[in-house]
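Me: Could you walk me through this structure, one question at a time? I would like to see how the answers are reached.

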Amino acid sequence: MERKRLGNLSDTQIAFIKKQYLDFETWPDIAETLGYDRKQYKALSLKCYRAQWWEEVKQQRLKQSAKMGVPHIVKKKTDEGKLYSEDELLALHGLDPDMFRIVTGDSNHWTVNTKEEEKLNMQHKIKWKPKDQVLTPQDIVDIIGTIEPTEVAMLVDEIPQQYLLIPLFDMHFGPNTYDSYSQLLKRIVDIVQNTYEEILIIVGGDYLHVDNLNNTTAKGTQLEDMDFPQMVKDGVQFLKDIIKVCLVNSPNVKLSFLPGNHAPSNDYILTWGISESFQDLEADVELDHFKQAWLGPHSIFMHHGDKIKNGKRLLEVMVSKFAKEWGQSTSRYLITGHKHHELSLAFGGLTHYQVMSPSDLGAYDKDNGYIDSESGLMLIEFDVKRRTAIYYLE
């Protein structure tokens with residue numbers, strides 16, 4: 001296959017590279033996602049290093065790394081070797097031992113002879129991280145149990161042979177609230193009330209914005225401060241309301257969970273806890289990055305979009321993992337998110353929808369210029385043969 005030529009970078013490509021670099025993605029992955037051969041990553045990185053905008057990005061990443069606890073060195077002169085406790089080493093590095101812990105450490109020493117005396121030089125190098133401050137699974141389950149879904153009074157006698165897919169990818173509760181999504185919820189309810197033989201809800205990753213009380217992602221990327229309890233309550237209320245209205249208007253409602261890259265731990269606990277609240281809900285909350293579910297006769301293949309970003313490689317994984325389901329399907333659809341903007345492709349007997357995100361831009365996105373993606377939610381409707389409609393909600 002002929003390599004894509006590495007020419008001048010567009011503003012959109014530069015913005016994407018900045019975001020991926022600050023998310024600690026590797027250069028081969030960045031190159032591949034931009035459509036280049038992975039082996040071209042050295043040329044791509046060199047082009048960026050020489051650009052005028054690179055120094056600012058590099059300094060941003062250094063500041064971000066400092067918050068995450070990259071190796072840091074303290075040099076100290078002393079007359080004799082001294083064994084430092086973990087708390088003493090943290091204090092030497094200007095860190096509060098009550099808030100941080102050492103992950104790894106390394107010390108070495110050497111002597112320096114002068115005319116007057118011999119001095120012992122010590123060097124201490126540590127990598128640290130904040131002490132764990134996450135809610136326990138039981139804490140989140142307790143929160144879920146206190147929230148009741150809003151009642152939606154509508155019942156139907158005849159159910160048409162229609163099927164509805166509700167992909168909730170990249171909702172980012174935290175910067176977004178139940179109130180800010182209230183109009184979106186009303187639009188979803190309007191469509192669900194059309195009544196469907198079966199509804200599949202996908203909690204597709206990054207449902208919550210942060211993975212812990214330190215306001216970082218699972219990788220440790222520092223984000224803006226969140227009202228953590230309110231974030232959880234808003235996310236629970238929104239999903240419970242959707243499940244409730246779906247159960248009222250459809251005899252078969254399914255829920256499928258996918259881990260994302262922002263808050264996989266909390267997303268999992270939240271989705272599992274909610275699924276336990278509805279006896280009539282068929283739920284798949286297994287921790288698997290690649291999934292398949294039936295929506296009527298249609299196969300819905302699912303992945304958040306962060307592990308494998310090349311569509312054709314992802315197709316190969318799905319065909320290999322779900323060979324039986326692939327052969328039994330009337331039609332096949334792959335649903336991913338992660339990139340927050342819409343993309344649709346058809347290849348290899350599969351239709352791939354990369355769905356939009358309804359999330360408002362956070363401070364991180366605005367500061368780094370990621371403001372060019374259309375936002376919204378895509379609901380996809382099917383009949384017994386194929387996809388019949390896409391509803392764009394905002």
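Reply: Happy to! Let's start with a definition: rings of Phe, Tyr and Trp (its six-membered ring) pair if their centres lie within 6.5 Å, and planes under 30 degrees apart count as stacked, over 60 as edge-to-face and the rest as tilted. This is a predicted model, where local features need pLDDT of at least 70, side-chain atom pairs count only at pLDDT 80 or more, and totals for chains, interfaces and linings use all residues. Residues are numbered from 1 along each chain as its sequence is written, and side-chain values use heavy atoms, with hydrogens and water left out.

Me: How many aromatic pairs does a search of the whole structure find?
Reply: With that ring definition, the search covers the whole structure. The number of aromatic pairs found is 15.

Me: Which class does the aromatic pair of Y333 and F382 belong to?
Reply: The ring centres of Y333 and F382 are 5.0 Å apart, with 70° between the planes. Y333 lies in strand 10 (residues 331–336) and F382 in strand 13 (residues 377–382), so the pair ties together parts that are 49 residues apart in sequence. Strands here are DSSP runs (E, at least two residues), and helices are runs of H or I with at least four, both numbered from the N terminus. By its plane angle, the pair of Y333 and F382 is edge-to-face.

Me: Which strands are the edges of the open sheet of five strands?
Reply: Two strands pair if DSSP finds at least two bridges between them. The order in this open sheet is 8-9-10-12-11, with mixed pairing. Two of its strands pair on one side only, and these edges are strand 8 (291–295) and strand 11 (343–347).

Me: Which residue is the bridge partner of A346 in strand 12?
Reply: Strand 11 and strand 12 (residues 350–354) are antiparallel, paired over five bridges. In strand 12, A346 has as its bridge partner T351.

Me: Is helix 7 roughly parallel or roughly antiparallel to helix 8?
Reply: Axes are lines fitted to C-alpha atoms, for helices over the stretch in contact, with angles from 0 to 180 degrees between N-to-C directions. The axes of helix 7 (residues 182–192) and helix 8 (residues 228–249) come within 10 Å and cross at roughly 15°. Angles under 35 degrees count as roughly parallel, over 145 as roughly antiparallel, 65 to 115 as roughly perpendicular and the rest as oblique. That makes helix 7, relative to helix 8, roughly parallel.

Me: What is the orientation of helix 8 to helix 9?
Reply: The axes of helix 8 and helix 9 (residues 264–275) come within 11 Å and cross at roughly 40°. That makes the orientation of helix 8 to helix 9 oblique.
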